[in-house]
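Work through the exercises below with the sequence and the 3D structure open. Try each task before reading its solution.

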2 protein chains.
Amino acid sequence: MTHFASGITLATTANLIGDVARANILCALTGGRALTAGELALHAGVSASTTSGHLSKLLDAGLVTVVKQGRHRYFRLSGPRVADMLETLMGAADLGPTRHRPVGPRDEALRRARSCYDHMAGRFAVDLAERLQAGGFVVLSDEGGTVTEAGSALFGALGIEFQTDKANRRPLCRCCLDWSERRFHIGGRLGAALFAHAEREKWVVRVSGSRALRVTRAGETALAGGLVGSAPVALPQTRRRNVRVSA
Amino acid sequence: MTHFASGITLATTANLIGDVARANILCALTGGRALTAGELALHAGVSASTTSGHLSKLLDAGLVTVVKQGRHRYFRLSGPRVADMLETLMGAADLGPTRHRPVGPRDEALRRARSCYDHMAGRFAVDLAERLQAGGFVVLSDEGGTVTEAGSALFGALGIEFQTDKANRRPLCRCCLDWSERRFHIGGRLGAALFAHAEREKWVVRVSGSRALRVTRAGETALAGGLVGSAPVALPQTRRRNVRVSA
DNA sequence: CCACTGCTTCGGCGCCAGCCGAAGTGTCCG
DNA sequence: CGGACACTTCGGCTGGCGCCGAAGCAGTGG
């Protein structure tokens, strides 16, 4: 009778994500690193053959990409937009009257700090965002965020660089509603650059086989000082590596 | 083996939307108006009893709300966040290499102008957004939008009022990537206010039984003048108010 | 009181989507 | 070469879920 097309579009995408095995695969990839089909099978909790089928569907839909290397096939999310969509969907899980059921103590590590494709999430990321805001380095609002002049100076001094390419459609500083904390953390190009910096400086280290991040003492210190404490001196540009913020 | 909880969370939500009948129901509700169970059955293309089952699931999940009136039950999306999520999901449909297949001529009316819960979308909305931006009334960026002082003046003169309540978590001006046009339109509180104004001034009228909007001659005129034509105010070009670092 | 309408609940049916194991392809290694 | 490994394809099985029609339950109106 009416616009069925939209409904079908919606349903096919959602249906793809709506299978537990595929959802687990996507969640695993939300960690941001490329994983082999075998590893994904473990995460999904199903056999290799079944996983293979799922992966080809995800490929067809363009949600993931693959690169072949020797006898392995490495899978990735096809981009930050996909990761954002997934987190949106997660966040919408308990829009309902279901009272704010914390996700269970088993996920404590995840709630503390985790990677979200190419930026950080969890308590650590939320705290960091608030510190930066309190220091006047960024202005976070519901509709997004902007970097102040003081922020530009700070990030420059720290050697945190993000593409300023205006043509790049990707937000500089996207405010993600944190799935576990229900407060904002920093995504977008700035979020990616912050994550890269945090890994370089060993503020956080990845926990193998999980999205979880372990916050080091250096990380605690940096957070407590709102990043400023960790760079009392303007460090020479030794770190001007290719920062590679997404592509 | 690993964080299954997230995967299940993700899957249950997505699975709910992943059924064609339910997706059609949600799409219909994206029109923004409350509909009865019977009307939704028509939109979904399934029997009343089946529809009833779907609706109770959507209720349980908190995606829709219901209000009982006489022997009718009126259903609504439970909030703008749900609508945003649905459009996000729609937009992600063709992230893949599938070439930008236009949604088919049958949906021409929808592509032209439609309602998106409480704001407008489609070519009309996109054009309007660009007009407003060109006139210096709003600044639209990937990470959101802001209303300039000139914009505040214009909207005030037009009698367009939006809640300025800062405590309100809802974005003032959210940039939605238009699903059909793949350009930005204006959502958030400003988007809602613009839609209300457009309806009041009969720039657009709802097409019954559809999300589609018909653009009237008054609407064309208003658009051509960037809204200003209908309220000839002398506006100082006080742009560049907003600090935008990524410039 | 009864007839009509809108909606939900129930029982039963049928299909499809996901699952697995076995066999097939391609790659690396000794 | 032959064997180990990573992954895909194929065939067959099964359970769940979406579907419907019939019956039950309000609310409305004569």
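A salt bridge is a side-chain nitrogen of Lys or Arg within 4 Å of a carboxyl oxygen of Asp or Glu. The model used here is a predicted one.

**Exercise 1. Which residues are linked in a network of salt bridges, and how many salt bridges are there over all chains?**

Solution. Step 1: start from the general idea. Side chains of opposite charge can pair when their charged atoms come close.

Step 1: apply the cut-off. Over all chains, the count comes to 11 salt bridges.

Step 2: look for linked residues. Glu87(A), Arg114(A) and Arg211(A) form a network of salt bridges.

**Exercise 2. Describe two salt bridges of chain B: Arg211(B) with Glu87(B), and Glu108(B) with Arg111(B).**

Solution. Step 1: take Arg211(B) and Glu87(B), whose side chains meet at 3.1 Å, N to O. Arg211(B) sits in the loop between strand 10 (204-206) and strand 11 (213-215) of chain B, while Glu87(B) belongs to helix 5 (residues 80-91) of chain B; the two are 124 residues apart. Both Arg211(B) and Glu87(B) are buried.

Step 1: take Glu108(B) and Arg111(B), whose closest N and O atoms are 3.3 Å apart. These residues are three apart in helix 6 (residues 108-112) of chain B, so about one helical turn separates them.

Step 2: compare with the cut-offs. Glu108(B) has a relative accessible area of 32% and is therefore partly exposed. Arg111(B) has 17%, so it is buried.

**Exercise 3. Which residues come nearest to DNA strand C, and which element gives the largest share of the surface near it?**

Solution. Step 1: list the residues. Of the 20 residues around DNA strand C, the nearest are Arg22(A), His54(A), Lys57(A), Ser52(B) and Arg73(B).

Step 1: sort the DNA atoms. Sugar or phosphate supplies 75% of the atoms of DNA strand C within 4 Å of the protein, and bases supply the rest.

Step 2: read individual contacts. For phosphate oxygens of DNA strand C, a polar side-chain atom of His54(A) lies 2.5 Å away from one, and a side-chain N or O atom of Lys57(A) is 2.7 Å from one. A base oxygen of DNA strand C is 3.0 Å from a side-chain N or O atom of Ser49(A).

Step 3: name the element. Helix 4 of chain A gives the largest share of this surface, four residues.

**Exercise 4. What are the classes of the residues in the surface near DNA strand D?**

Solution. Step 1: count the surroundings. DNA strand D has 21 residues around it, and the closest are Ser52(A), Arg73(A), Ser47(B), His54(B) and Arg71(B).

Step 1: sort by class. This surface near DNA strand D has four nonpolar, 10 polar and seven charged residues.

Note on methods. Residues are numbered from 1 along each chain as its sequence is written. Chains are lettered from A and ligands numbered from 1 in the order in which they are written. This is a predicted model: local features need pLDDT of at least 70, side-chain atom pairs count only at pLDDT 80 or more; totals for chains, interfaces and linings use all residues. Side-chain values use heavy atoms; hydrogens and water are left out. A residue is near a molecule or strand if one of its heavy atoms lies within 4 Å of it. A polar contact is a pair of N or O atoms within 3.5 Å; within protein, one must be able to donate a hydrogen and the other to accept it, and residues adjacent in sequence count only if both atoms are side-chain atoms. Ala, Val, Leu, Ile, Met, Phe, Trp, Tyr, Cys and Pro count as nonpolar, Asp, Glu, Lys and Arg as charged, and the others, Gly among them, as polar. Buried means under 20% relative accessible area, exposed over 50%, partly exposed in between (1.4 Å probe, protein chains only).
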